Amino acid sequence: MKHMENISAMLRGGSPDEYQRPDPASERDAVRAPGEQPWEMIMDKKHFKLWRRPIEGTHLYQYRVFGTYTDVTPRQFFNVQLDTEYRKKWDSLVIKLDVIERDLATGSEVIHWVTHFPYPMYSRDYVYVRRYSVDKENNLMVLVSRAVEHPSVPEDPEYVRVRTYESQMVIRPHKTFDENGFDYLLTYSDNPQTVFPRYCVSWMVSSGMPDFLEKLHTAALKAKKMEIEVRDYMAAKPLESGGEGKAGVPAAEHKSEGSCSPAQLEYA
């Protein structure tokens, strides 16, 4: 959570009209603690830049993307990213994507995601908790996810379970949530449990992430132009509750019984 506060503080400017896009060099150093590895730029495109750095003690990398879009609103991009039903239509790599559990008090959701991996690797499955927030005062949108265990989703021998996964995205509108134009900062890491050499995994992630972001952008544009119904997550606030309510999801999504602990659902 402290990491996300640092990113939010870094992106937080004055009023929307005063906002200046972060300088990429200062942006990647602003949240680097003393002693941490420096970020290495590995891709520099028109709409985004991609960095990576080694995760100490492992063969893995952490990745960071800074990007800008001017033809879609922050609300549309945010909603399309969160709408699991719509993603099943625009992301051809999805095998399964279900909401297992929701916490009505915090808005946290436990997701089961099964995705194709490049041949000849087995498909991977992720169980993760995600939490999102919209800071209207500071004109920011934040989405954080990390892998968890959940009794409703035991391991399936057909897939390889990814147990190490973290993702944090901060979106900063150029003006408002409903006007075109925003910057985003995505920090991501996972351990895909592969025996391939480090450079192979790095290539897959560094090429796959930009591809996913472009598909996400195209899906947001398509939803906008065709007026596809996408759930408005900014308007879908957690229910008022005297305690810490948990809810199952609709029958089509809830596969089996069991629930996460409060600590798991209250991530972030």
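Here are a few questions and answers about this predicted model.

Q: How many helices and strands does the protein chain have?
A: Let's start with the overall layout of the chain, which has 268 residues. Going through its secondary structure, you'll find six helices and eleven strands.

Q: What percentage of the residues of the protein chain count as buried?
A: To count as buried, a residue needs a relative accessible area under 20%. Apply that cut-off to the 268 residues of the chain, and the share that counts as buried is 49%.

Q: Is Glu109 buried or exposed?
A: Look for Glu109 in strand β5, which covers residues 109–115. Its relative accessible area is 2%, and the cut-off for buried is under 20%. So Glu109 is buried.

Q: Which side chains make a polar contact with the side chain of Glu109?
A: A polar contact here needs N or O atoms within 3.5 Å. Glu109 touches several residues beyond four places away in sequence, including Val99, Tyr128 and Arg231. For side-chain polar contacts, there's one at 2.6 Å and another at 2.8 Å. The partners are Arg102 and Arg130.

Q: Why is helix α3 largely enclosed by the rest of the structure?
A: Helix α3 runs over residues 74–82. Among its buried residues are Phe77, Phe78 and Leu82.

Key:
Residues numbered from 1 in each chain as written. Predicted model: local features only at pLDDT ≥ 70, side-chain atom pairs only at ≥ 80, totals over all residues. Heavy atoms only, no water. Helix = DSSP H or I, 4+ residues; strand = E, 2+ residues; numbered from the N terminus. Buried < 20%, exposed > 50% of the residue type's maximum accessible area, 1.4 Å probe, protein only. Polar contact = N/O pair within 3.5 Å; in protein donor to acceptor, adjacent residues only side chain to side chain. Contact = heavy atoms within 4.5 Å.
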